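This report is meant to be read beside the model.

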Amino acid sequence: ATLLNLTLLGLAPKVAREFTSDAGGFSVMTPYTLKETVQSVETQAATIDIHMFVADQGDTSLIVGYSDYPEEIVQANDPEELLDVSRDGAVTNVQGELVAETKTLLNQYPGREMTISATTSTGHAMVLRSRIFLVDQRLYQVMAVALKGKENSAVIGDFLRSFKLLGK
């Protein structure tokens, strides 16, 4: 009866469902609707399109995305260095501080799991939890941004852990 009452009030927890991007080659579990945006970013080597799928839920945002590096950049650099550059870019983009980082693998592909603390434009403390993976020429990013104190929710943990490659 309690779940029925919560459902009638619109407060029942949303059930996570699989979101798949065939073009991106990944799936992730999320209780929220992800909306796609594409942003072109100029780098020293080339213009890179960043495909982002975002769900903004007020005090929490879930984001999954990918971008393809030119083959010559991937061939000329150590994968760990490319992950370092991506990590440093994430910290700089939010004007934050890296508070935790561990190396990880997705299948056999190198990655990083990290936590960044920062401040929102309105002055609130926020935490960005992220996993990034370099799969051949493609950099995947799975992120959750939340107000400090909300970053360890089950929804965020489940979202970050659920990321899978299709067909790999």
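How many nonpolar, polar and charged residues does the lining of the largest pocket have? By class, the lining has 19 nonpolar, nine polar and no charged residues. Here Ala, Val, Leu, Ile, Met, Phe, Trp, Tyr, Cys and Pro count as nonpolar, Asp, Glu, Lys and Arg as charged, and the others, Gly among them, as polar.

## Basis of the model

The model is predicted: local features need pLDDT of at least 70, side-chain atom pairs count only at pLDDT 80 or more, and totals for chains, interfaces and linings use all residues. Residues are numbered from 1 along each chain as its sequence is written, and side-chain values use heavy atoms, with hydrogens and water left out.

## The largest pocket

The volume of the largest pocket is about 900 Å³. Among its 28 lining residues, Ile50, Ser86, Gly89, Asn93 and Gln141 are the closest to the centre. On a 1 Å grid over the protein atoms alone, a pocket is an open set of points where a 1.4 Å probe fits, with protein on both sides within 12 Å along at least five of seven lines, and lining residues have an atom within 4 Å of a point. Grid points are joined across faces, edges and corners, and the volume is the space filled by probe spheres set on the points.

Two or more lining residues come from each of strand 3 (35–42), strand 4 (47–56), strand 5 (60–68), helix 3 (79–93), strand 8 (125–135) and strand 9 (138–147). Helix 3 gives the largest share, six residues. Helices (H or I, at least four residues) and strands (E, at least two) are DSSP runs, numbered from the N terminus.

Three strands form an open sheet in the order 1-2-10, with antiparallel pairing. Strand 1 (17–21) and strand 10 (164–165) stand at the edges with a single partner strand each, so one side of each has no neighbour in the sheet. Two strands pair if DSSP finds at least two bridges between them.

Strand 1 and strand 2 (residues 26–30) are paired over five bridges, and Phe19 stands opposite Val28 in strand 2. Pro31 is in the loop between strand 2 and strand 3. Pro31 has 5% relative accessibility and counts as buried (buried is under 20% relative accessible area, exposed over 50%, partly exposed in between, with a 1.4 Å probe and protein chains only). The C-alpha atoms of Pro31 and Phe19 are 9.4 Å apart, and the two residues are 12 apart in sequence.

## Helix 4

In helix 4 (residues 154–161), the buried residues are Ile156, Gly157, Phe159 and Leu160. Seen down the helix axis, these fall within an arc of 165°, so they line one face of helix 4; the arc is that of the directions from the axis to the C-beta atoms. Ala154 and Arg161 are exposed on the other side.

The buried residues of helix 4 pack against strand 2, strand 5, strand 8 and strand 9 (contact means heavy atoms within 4.5 Å).

## Single residues

Ser117, in strand 7 (residues 109–119), is partly exposed at 26% relative accessible area. Not counting residues up to four places away in sequence, Ser117 touches Gly96, Glu97, Val99 and Met126.

Gln95 is not a glycine, yet has a positive phi of about 50°. Gln95 lies in the loop between helix 3 and strand 6 (97–106) and is exposed, at 74% relative accessibility. Asp136, also not a glycine, has a positive phi of about 55°. Asp136 is in the loop between strand 8 and strand 9 and is partly exposed, at 47% relative accessible area.
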